[in-house]
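The sequence and structure come next.

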Amino acid sequence: MKHTADPFNISGNELQAISIQPQYVMLKPVGSICNLACKYCYYTEKKRLYPKVANQIMDEDLLESFTKQYIEMQPTPNVLFTWHGGETLMRPIKFYEYALELQRKYGLGRNINNCIQTNATLITDEWARFFHENNFLVGVSIDGPQEFHDEYRRSRSGKPTWQQVMRGIQLLNKYNVEWNALAVVNDFNGDYPLDFYHFFKEIHCHYIQFTPIVERKLQHSDGRELSSPTEESSDIWDFSVTPEQWGDFLCKIFDEWVRHDVGEYYIQLFDATLANWMGVPPGICTLAETCGHATAMEFNGDVYACDHFVFPEYKIGNINEQPLVEITNSPEQKAFGADKKDSLPQECKECEWLFACHGECPRLRFTKDKHGNAGLNYLCRGYRKFFEHVAPYMDYMKYQLQQEEAPAKVMKWVAEGMPQYR
Ligand SMILES: C[S@@+](CC[C@H](N)C(=O)[O-])C[C@H]1O[C@@H](n2cnc3c(N)ncnc32)[C@H](O)[C@@H]1O
Ligand code: SF4
Ligand code: SF4
Ligand code: SF4
């Protein structure tokens, strides 16, 4: 089964294949500790939430308690473990070997998969062999060609990392490990969509996720410098992509993809958009109607509403104090999930693209809509442009799917000048 390394990446069909309504928990086996210091990273500052803990690593008892509870609470035979960070490979292989042992111990006939997100700089032959032997899906963070990647993805001492990442990818290929790319779009690379896209095609990466970087500044007393979604701040970090850049970026890549690459290269956002056009779950939380099905668990058992909401006010429990199933199904978490739909501003409610966009991620809803209401997504203009641009192609692919034909026929249709088809 092809799947992706992050619950947010699972495509609609795959999500249905995995489970009807699973609860994902992104695990932080080393908390937010990392060997790199990517300038835009939203996670490394989370260590400041635990100033008294010098060694922020998940211990074996907690891992065992989590594994047992996580497997038991899944509604179907399929269970997906998601290892996230911080940098996941800062734990030794033996930690993950123990995790697999626990999965076997408590799995009892379940079909268990593991995906792991990494910056790929620490991959060795031994890691690659381990991933292959244990069927891990590896999500590799790489921001395109060297000059784009090295702009922000640097080591703690400021050294570039692209070459190390490429070496890691070569090792994954050498051992036939299934991997896909997570690439962020920021102020620097946002104006070069085709250079970016061609890079992934050149390295034969067929599964690509593009994530927009948008962060706001807010100085907290504990040293954290990013604003939580509910805090007031209009000061946007300069590495953030603008709405216009994001819209143009998506449209330019889409134009090439829809002419040459449909069915060969899988771009998560395009798949999710087509799923919404079809009225099936998009498998990516940002374009789904509600949130709440993917929480994050820190090294000490603290559970947060979402990986992008690891802020004190969004802590929903700790598995040492309360069963995981109660935490993830708590009224608080259900309200968090429903709030995505319930808090839409008027402009979204009136928007012709609401079915495809759903107001996108609540963490970016910090601007005012045209009626003066709070809560419009910062990237709205970019998404509007994208949905308007792709609509005729999405309509065509939807029609083909309804006729039980391959959406890839869109490439021929475009080449023929987009003739009338119904
Ligand atoms: C926080 S990292 C953790 C795992 C691992 N260290 C890595 O880099 O893949 C997970 C993903 O989040 C992305 N990311 C980092 N900062 C981000 C931000 N401010 N907004 C969106 N994505 C971000 C990274 O590029 C990476 O693909
Ligand atoms: S490698 Fe991952 S966790 Fe580390 S700083 Fe970069 S994005 Fe953040
Ligand atoms: S808040 Fe954003 S990142 Fe979190 S689940 Fe919702 S859409 Fe996804
Ligand atoms: S395109 Fe803008 S107005 Fe429309 S649903 Fe998305 S965020 Fe709301």
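## Ligand 4

The shell around ligand 4 divides into 7 nonpolar, 2 polar and 3 charged residues. Here Ala, Val, Leu, Ile, Met, Phe, Trp, Tyr, Cys and Pro count as nonpolar, Asp, Glu, Lys and Arg as charged, and the others, Gly among them, as polar. The surrounding residues are Glu347, Cys348, Cys351, Trp353, Leu354, Cys357, Gly359, Glu360, Asn377, Cys380, Tyr383 and Arg384; a residue is near a molecule if its C-beta atom, placed from the backbone, lies within 6 Å of it. Two or more residues of this shell come from each of helix H12 (346-349), H13 and H14, and H14 gives the most, with 3 residues. Helices (H or I, at least four residues) and strands (E, at least two) are DSSP runs, numbered from the N terminus.

The model is predicted: local features need pLDDT of at least 70 and side-chain atom pairs count only at pLDDT 80 or more, while totals for chains, interfaces and linings use all residues. Residues are numbered from 1 along each chain as its sequence is written, and chains are lettered from A and ligands numbered from 1 in the order in which they are written.

Ligand 1 is surrounded by 17 residues, the closest being Tyr42, Tyr43, Asn119, Ser141 and Leu182. Strand S3 (111-118) and strand S5 (178-185) are the elements that give two or more residues to this shell. By class, the shell around ligand 1 holds 8 nonpolar, 7 polar and 2 charged residues.

Around ligand 3 there are 11 residues, of which Cys285, Cys291, Cys306, His308 and Cys361 come nearest. They divide into 7 nonpolar, 2 polar and 2 charged. Domain 1 (24-241 + 289-343) and domain 2 (350-416) each supply at least three residues to the shell around ligand 3; the domain bounds come from an automatic or database domain assignment.

## Helix H14

Helix H14 (residues 380-402) bends by about 50° at Ala391, with a proline, Pro392, following within four residues. The bend is the angle between axes fitted to the seven residues ending at a position and the seven starting there. Just after H14, Glu404 has a positive phi of about 60°.

Among the buried residues of H14 are Cys380, Tyr383, Phe386, Phe387 and Met397. A residue is buried if 20 or more other C-beta atoms lie within 10 Å of its own, exposed if 12 or fewer, and partly exposed in between, with C-beta atoms placed from the backbone. The packing partners of the buried H14 residues include helix H8 (243-260), helix H9 (268-278) and helix H15 (410-415).

## Core and domains

The largest nonpolar core has 111 residues, and Val138, Val140, Ala181, Ile267 and Tyr304 touch the most other members. Such a core is a set of buried Ala, Val, Leu, Ile, Met, Phe, Trp, Tyr and Cys residues joined through C-beta atoms within 7 Å. H14 provides the largest share of this core, 8 residues. Domain 1 and domain 2 both give residues to this core, so it lies between them.

The centres of domain 1 and domain 2, taken over C-alpha atoms, are separated by 27 Å. Contact (C-beta atoms, placed from the backbone, within 7 Å) links 11 residues of domain 1 with 9 residues of domain 2. The side of domain 1 that touches domain 2 comprises 5 nonpolar, 2 polar and 4 charged residues.

## Ile71

Ile71 is in helix H2 (residues 60-73). Ile71 counts as partly exposed because it has 18 C-beta neighbours inside 10 Å. Ile71 and Tyr106 are 35 residues apart in sequence and 7.1 Å apart in space, C-alpha to C-alpha.

Note on methods
Two residues are in contact if their C-beta atoms, placed from the backbone, lie within 7 Å.
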